[in-house]
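Take a look at the fold, then work through the topics below.

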Amino acid sequence: MRQYNALDSIVPLLRQLILVELIVRSQRPLYRGEVAHRIGVPTSSLLRPLKAMTQSGVLLATKRGREVNYEPNPACPFLPELRSLLLK
């Protein structure tokens, strides 16, 4: 049985997994397919969360050819705190 923490009640699990990959584990931008493969979900399930996190300024999206690469937005004012929460 999965153990829940305080972050689970605030941020949906899928968004947590996306953020862990992009903010904690990866040292480079990732495209949607890479993120999906790493967390074991269909690529299509990432469309809305990535769009929302990009529009809110948490992530940056950079189009390269047909792919869009995602990375943490260094201008996000709470990025250090978010990284700290994800590490706990």
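A salt bridge here is a side-chain nitrogen of Lys or Arg within 4 Å of a carboxyl oxygen of Asp or Glu. With that rule, the side chains of R38 and E21 meet in a salt bridge, at 3.3 Å from N to O. R38 lies in helix α3 and E21 in helix α2, so this pair ties together parts that are 17 residues apart in sequence.

This is a predicted model, in which local features need pLDDT of at least 70 and side-chain atom pairs count only at pLDDT 80 or more, while totals for chains, interfaces and linings use all residues. Residues are numbered from 1 along each chain as its sequence is written, and side-chain values use heavy atoms, with hydrogens and water left out.

- Helices (H or I, at least four residues) and strands (E, at least two) are DSSP runs, numbered from the N terminus.
- Buried means under 20% relative accessible area, exposed means over 50%, and partly exposed is in between (1.4 Å probe, protein chains only).
- Contact means heavy atoms within 4.5 Å.

**Charged pairs**

- Searching the whole structure turns up three salt bridges.
- Side chains of opposite charge can pair when their charged atoms come close.
- E21 also pairs with R25, and the closest N and O atoms of that salt bridge are 2.7 Å apart.
- Both R25 and E21 sit in helix α2, four residues apart, which is about one turn of the helix.
- An α-helix has 3.6 residues a turn, so residues three or four places apart point the same way.
- E21 is buried at 4% relative accessible area, R25 is exposed at 56%, and R38 is partly exposed at 39%.
- R28 and E34 form a salt bridge through their side chains, at 2.6 Å from N to O.
- R28 counts as partly exposed at 44% relative accessibility, whereas E34 counts as buried at 16%.
- Through salt bridges that share partners, E21, R25 and R38 are joined into one network.

**The nonpolar core**

- A nonpolar core is a set of buried Ala, Val, Leu, Ile, Met, Phe, Trp, Tyr and Cys residues joined through side-chain atoms within 4.5 Å.
- The largest such core has 21 residues, and I18, L19 and L22 have the most contacts inside it.
- Two or more residues of this core come from each of α2 (13-25), α3 (32-39), α4 (47-55) and α5 (79-87).
- The most is given by α2, with five residues.
- Leaving out residues up to four places away in sequence, L19 touches V24, M53, V58, L59, L82 and L86.

**How α2 meets its neighbours**

- Axes are lines fitted to C-alpha atoms, for helices over the stretch in contact, and angles run from 0 to 180 degrees between N-to-C directions.
- The axes of α2 and α5 come within 10 Å and cross at roughly 115°.
- Q16, L19, V20, I23 and V24 of α2 meet L79, L82, R83, L86 and L87 of α5.
- For α2 and α4, the axes come within 10 Å and cross at roughly 65°.
- That contact is made by L14, R15, I18, L19 and L22 of α2 with R48, P49, L50, A52 and M53 of α4.

**Helix α3 and its end**

- E34, V35, A36 and I39 are the buried residues named in α3.
- The cover over the buried residues of α3 includes α2 and β1 (30-31).
- G40 follows α3 and has a positive phi, near 75°.

- L7 lies in helix α1 (residues 6-10) and is buried, with a relative accessible area of 15%.
- L7 touches Q16, L85 and L86, not counting residues up to four places away in sequence.
- The C-alpha atoms of L7 and L86 are separated by 8.4 Å, although these residues are 79 residues apart along the chain.
- N69 lies in strand β3 (residues 67-72) and is buried, with a relative accessible area of 9%.
- Setting aside neighbours within four places in sequence, N69 is in contact with P29, L30, Y31, L60, A61, T62 and R64.
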